[in-house]
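Hi everyone, thanks for coming.

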Amino acid sequence: MARKNDRRKTVADGRKSPGAKPHAGGAGVGKRSAVAASKAAVKPVAKGGKGAAKPAAAMPPPAKVKFRGRVLENEPLARYTTYRLGGPARYVVLPADADDVAKALDLAQDRGLPWLALGLGSNVLVKDAGFPGVVIRIGKGLDRFEMKGATAIVGAGLATPLLARRTAEAGFAGVERFIGIPGTVGGGVYMNAGAHGAEFAEVLTEATVMDAKGKIKQVPRKQISFKYRSSNLGTVVVLEAKLALIEEPPAKLKEMQARLFRWRKAGTPFDQPCCGSVFKNPGGPRTAGMLIDESGLKGFTLGGAQVSPLHANYIVNTGNATASDVLKAIEHVRKTVAKKTGVELELEVKVIG
Ligand SMILES: Cc1cc2nc3c(=O)[nH]c(=O)nc-3n(C[C@H](O)[C@H](O)[C@H](O)COP(=O)(O)OP(=O)(O)OC[C@H]3O[C@@H](n4cnc5c(N)ncnc54)[C@H](O)[C@@H]3O)c2cc1C
């Protein structure tokens, strides 16, 4: 994907700092001695990432490490988020397997850069300056889907609507109501995504995660604490999830999905670039959307950002919004709602950079 006339390039080989310890590895992770890197200088650790390693001090002779997937340098993140805005990442790694994920973590470690796992970018707002570290985009290659009895074994990179459709077609209920959540299973587990009264916390029995050192472990459900749109999984990359489902006739599930899909189409600006709900519902009788609506903010526009006239908890990119427009609109909404209703809204969207 390296193109002429832009700043991106595919990283092919590089160096490893003497201080960087080899990762412990685990199931699915092969031996890794060093990681691909380019001529780029080591950058200081920046805020905003999940993990941040110490800067490397000196560079020994280069050791070539090949990724099965791709590594892109100075890659615009707008194309990896549903908001379609935001600046570039120092590196975007598109891993082909778990081994590549470990190599990407090594890359961050070696260069002293923060790293971040990304799914379909449907719950993130990337600042205009971008992310000065390694974005590990979990998608193809890590998108396995398998039914073993009533248990779904699912790669973190599988799109959640696909999970909902495939399980429904196979005659299993539990995630059918996630049909309109446009993220990945990994992002869904990490965020405890949910819709129409169901959430990942209810069906997950085990998550396979990789820690910042590249070690893979299976975390049983009882060790994970889920809250509304959050988990305590911490500084890990979710690789896989096991979900306990129950048998249900496919026709019934498909009919329900069609109904939910119609509801979404009518009630949310689903054809405009956005991140879904910007704020968490505060609890109590009124949703964040109701509070924003009551505060007279539907249609409020700042630059290219607009509080959707269709659903007040969606701030959409009308075409040329910058992250700064969206952040200013968020601040205006938050202050106005606090003043008019006394409720302090909390962000659901993750701000990156
Ligand atoms: C139109 C629209 C409708 C939406 N409707 C809903 C809804 O009904 N319910 C709902 O809950 N959400 C909804 N969302 C928000 C979003 O789709 C969910 O939160 C989704 O689960 C995010 O998944 P993702 O893969 O896009 O995660 P990203 O946006 O890529 O990432 C979100 C967070 O999860 C982390 N993350 C992502 N993947 C991994 C991984 N493999 N390992 C570790 N951490 C990871 C990221 O670091 C980040 O902190 C909607 C969004 C849009 C745009």
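So, which element gives the most to the shell around the ligand? That's H3, with 5 residues. Before I go on: this is a predicted model, where local features need pLDDT of at least 70 and side-chain atom pairs count only at pLDDT 80 or more, while totals for chains, interfaces and linings use all residues. Residues are numbered from 1 along each chain as its sequence is written, and side-chain values use heavy atoms, with hydrogens and water left out.

Okay, the ligand. There are 34 residues around it, and Ala117, Ser122, Thr184, Gly194 and Arg264 come nearest; "around" here says that a heavy atom of the residue lies within 4 Å. By type, the shell has 18 nonpolar, 12 polar and 4 charged residues, with Gly counted as polar.

Now some polar contacts, that is, pairs of N or O atoms within 3.5 Å. A ligand oxygen sits 2.6 Å from a side-chain N or O atom of Thr184. The protein covers 95% of the 970 Å² of accessible area that the ligand has on its own, by the Shrake-Rupley method with a 1.4 Å probe.

Which elements give two or more residues to that shell? They're strand S4 (114–118), helix H3 (185–191), strand S10 (194–195) and strand S16 (236–244). Helices and strands are DSSP runs, of at least four residues for helices and at least two for strands.

Notes
Polar contact = N/O pair within 3.5 Å; in protein donor to acceptor, adjacent residues only side chain to side chain.
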